[in-house]
Amino acid sequence: MTTTRTQVCIIGGGPSGLLLSQILHRAGIDTLVLERQSRAYVLGRIRAGVLEGGTMQMLRDAGVGARMDTEGFLHDGTYVATRNRGFRVDFDALIGRQVMVYGQTEVTKDLYAARDAMDGRIVDEAADVAIQDAAGTPHVTYRRDGTEHRVDCDWIAGCDGFHGLSRQTIPADVLRTVERVYPFGWLGVLSRTAPAAPELIYANHDRGFALASMRNESLSRYYIQAPVDDPLEKWTDDAFWDELRRRLPSDVADAMETGPTIEKSLAPLRSFVAEPMRWNRLFLVGDAAHIVPPTGAKGLNLAVSDVHYLSDALIRHYGGDDEGIDSYSERALARVWKATRFSWWFTTLMHRFPEDGAFGQRMKQAEIDYLESSRAAQTVMAENYVGLPF
Ligand code: FAS
Ligand code: PHB
């Protein structure tokens, strides 16, 4: 068994673990990241696409915003559509804010590059990671290349996602969870085609939800609401494009470019929050603590939000002030719940639920009509979509 020491042992080399490591390293705090998968696997995941203003600034402040600012696309608003017509919610005109379209894959690439440039300690393909004695003398063990390793540390950051081990470490009589599983999934595709519109289109349709997004001028990302147990083979490219065109306004559908998909996946949707986000020397960060349906583009941004609070807390701790550590869970959760509410609201409004019936669908169409007609309603949507203040 080898033994090493660090101040903060970070489990998970996704966006939250890497960003936390980057910020702490720049503040002179030693970290070690343990990632279960290979780097290629982590970088191959296609996930989020929209960054809030707070996320943009966090990446810039951490020294990893240059490529985002060069290659990303600032969007002043988004389209909402129903019954074959759409309208625009103008974030910039309403609240003077924007969002950045820049894929999570790119954010993760930038973070790994910055970590490597600073010789940040990252162990890829760390197997059998286990948290030991988080309530006493915290340390983490793992196996790699047939050798057992031990990491002694002051703190453990569980940045290991929804299926990680950190949340399971908190005793059942301490951990409280709340969950809503949605009765549908998102079938997503990536295609080397021009985006259907200059900004995103969120569409409510009798047949189900659809979203037209993008990664750049020649790479588009689309989603349609689909049964979560549908076999992927059922959704040939032609079947996907046909269904998507039926759900988007016809002027968009008739003009959009289609082509071979280069990625296709069907993801379940849930709202999930675990409390508390701290137990003794262990902190939960990002998807390890909460999951939101991607309708509100909040998942990645909430992970960054947690990193904002935890990095501040740890920097203050090593400066002799423990107020941030003691209030981390409460402060992080206050923003998590507000984003969870928005994501639930927008998902409920834009998707077809089995129990909706004719009345339910008419109520949703009336709310969308009200959203179109009311500056106040659009302002509420805008400030939640672009991201509430930390
Ligand atoms: P992550 O899951 O990204 O990273 C956790 C890391 O921990 C992974 O690399 C994992 O390999 C590692 N790990 C797990 N267990 C471990 C162990 N035992 N030991 C060591 N390492 C371990 N969000 C949006 O905003 N918009 C979207 O459109 C969107 N689409 C999504 C689609 C899918 C299919 C999924 C799964 C998520 C999507 N999300 C989306 C949410 C997603 O972007 C997350 O919010 C974001 O990745 C959260 O980052 P992390 O908390 O770092 O967790
Ligand atoms: C994406 O481009 O992947 C994306 C954009 C906005 C969302 C969800 C996903 O709400």
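Colleague: Let's start with Asn280. Is Asn280 buried, partly exposed or exposed?
Modeller: Asn280 counts as partly exposed, because its relative accessibility is 33%. The cut-offs matter here: buried is under 20%, exposed is over 50%, and partly exposed is in between. One caution before we go on: this is a predicted model.

Colleague: Noted. Where does Asn280 sit?
Modeller: Asn280 is in the loop between S19 and strand S20 (282–284). Its phi is positive, about 55°, although Asn280 is not a glycine.

Colleague: What about Asp128, what is its phi?
Modeller: Positive too, about 50°, and Asp128 is not a glycine. Asp128 belongs to strand S10, residues 127–132.

Colleague: Is Asp128 buried or exposed?
Modeller: Exposed, because its relative accessibility is 54%.

Colleague: Which residue just after H3 has a positive phi?
Modeller: Gly63, with a phi of about 80°.

Colleague: And inside helix H3, which residues are buried?
Modeller: H3 covers residues 53–61, and its buried residues are Gly53, Thr55, Met56, Met58 and Leu59.

Colleague: Where is there a cis peptide bond?
Modeller: Between Glu275 and Pro276, with omega at about -5°. Pro276 is in the loop that runs between strand S18 (261–275) and strand S19 (278–279).

Colleague: New topic: the inside. How many residues does the largest nonpolar core have?
Modeller: The largest core has 70 residues. Leu19, Leu34 and Leu51 have the most contacts inside it. Helix H10, residues 299–317, gives the most to this core, with 8 residues.

Colleague: Now the ligands. How many residues surround ligand 1?
Modeller: Ligand 1 has 30 residues around it, and the closest are Ser16, Glu35, Arg45, Arg47 and Gln104. By type, the shell divides into 14 nonpolar, 9 polar and 7 charged residues.

Colleague: Which polar atoms come up close to ligand 1?
Modeller: A side-chain N or O atom of Gln104 is 2.5 Å from an oxygen atom of ligand 1. For Ser16, a polar side-chain atom lies 2.8 Å from an oxygen atom of ligand 1. With Arg36 it is a polar backbone atom, 3.1 Å from a nitrogen atom of ligand 1.

Colleague: How much of ligand 1 does the protein cover?
Modeller: On its own, ligand 1 has 990 Å² of accessible area, and the protein covers 85% of that. Helix H1 (15–26) and H10 each give two or more residues to the shell. The largest share, 3 residues, comes from H10.

Colleague: And ligand 2? Which residues are closest?
Modeller: Tyr202, Ser213, Arg215, Tyr223 and Pro294, out of 14 residues that surround ligand 2. The shell divides into 8 nonpolar, 3 polar and 3 charged residues.

Colleague: What polar pairs are there?
Modeller: An N or O atom in the Tyr202 side chain is 2.8 Å from an oxygen atom of ligand 2. Arg215 has a polar side-chain atom 2.8 Å from an oxygen atom of ligand 2. Ala297 uses a backbone N or O atom, 3.4 Å from an oxygen atom of ligand 2. The protein covers 97% of the 280 Å² that ligand 2 has on its own.

Colleague: Which element gives the most to that shell around ligand 2?
Modeller: S16, with 3 residues.

Colleague: Last one. Is Thr347 buried or exposed?
Modeller: Buried, because its relative accessibility is 0%. Thr347 lies in helix H11, residues 323–350. A polar atom of its side chain is 2.6 Å from the backbone oxygen of Ser343. Leaving out residues up to four places away in sequence, Thr347 touches Tyr182, Phe184, Pro293, Thr295 and Phe353.

Definitions and conventions:
Residues are numbered from 1 along each chain as its sequence is written. Chains are lettered from A and ligands numbered from 1 in the order in which they are written. Side-chain values use heavy atoms; hydrogens and water are left out. A nonpolar core is a set of buried Ala, Val, Leu, Ile, Met, Phe, Trp, Tyr and Cys residues joined through side-chain atoms within 4.5 Å. Buried means under 20% relative accessible area, exposed over 50%, partly exposed in between (1.4 Å probe, protein chains only). Helices (H or I, at least four residues) and strands (E, at least two) are DSSP runs, numbered from the N terminus. A residue is near a molecule or strand if one of its heavy atoms lies within 4 Å of it. A polar contact is a pair of N or O atoms within 3.5 Å; within protein, one must be able to donate a hydrogen and the other to accept it, and residues adjacent in sequence count only if both atoms are side-chain atoms. Accessible areas come from the Shrake-Rupley method with a 1.4 Å probe; for residues, only the protein chains shown count as cover. Ala, Val, Leu, Ile, Met, Phe, Trp, Tyr, Cys and Pro count as nonpolar, Asp, Glu, Lys and Arg as charged, and the others, Gly among them, as polar. Contact means heavy atoms within 4.5 Å.
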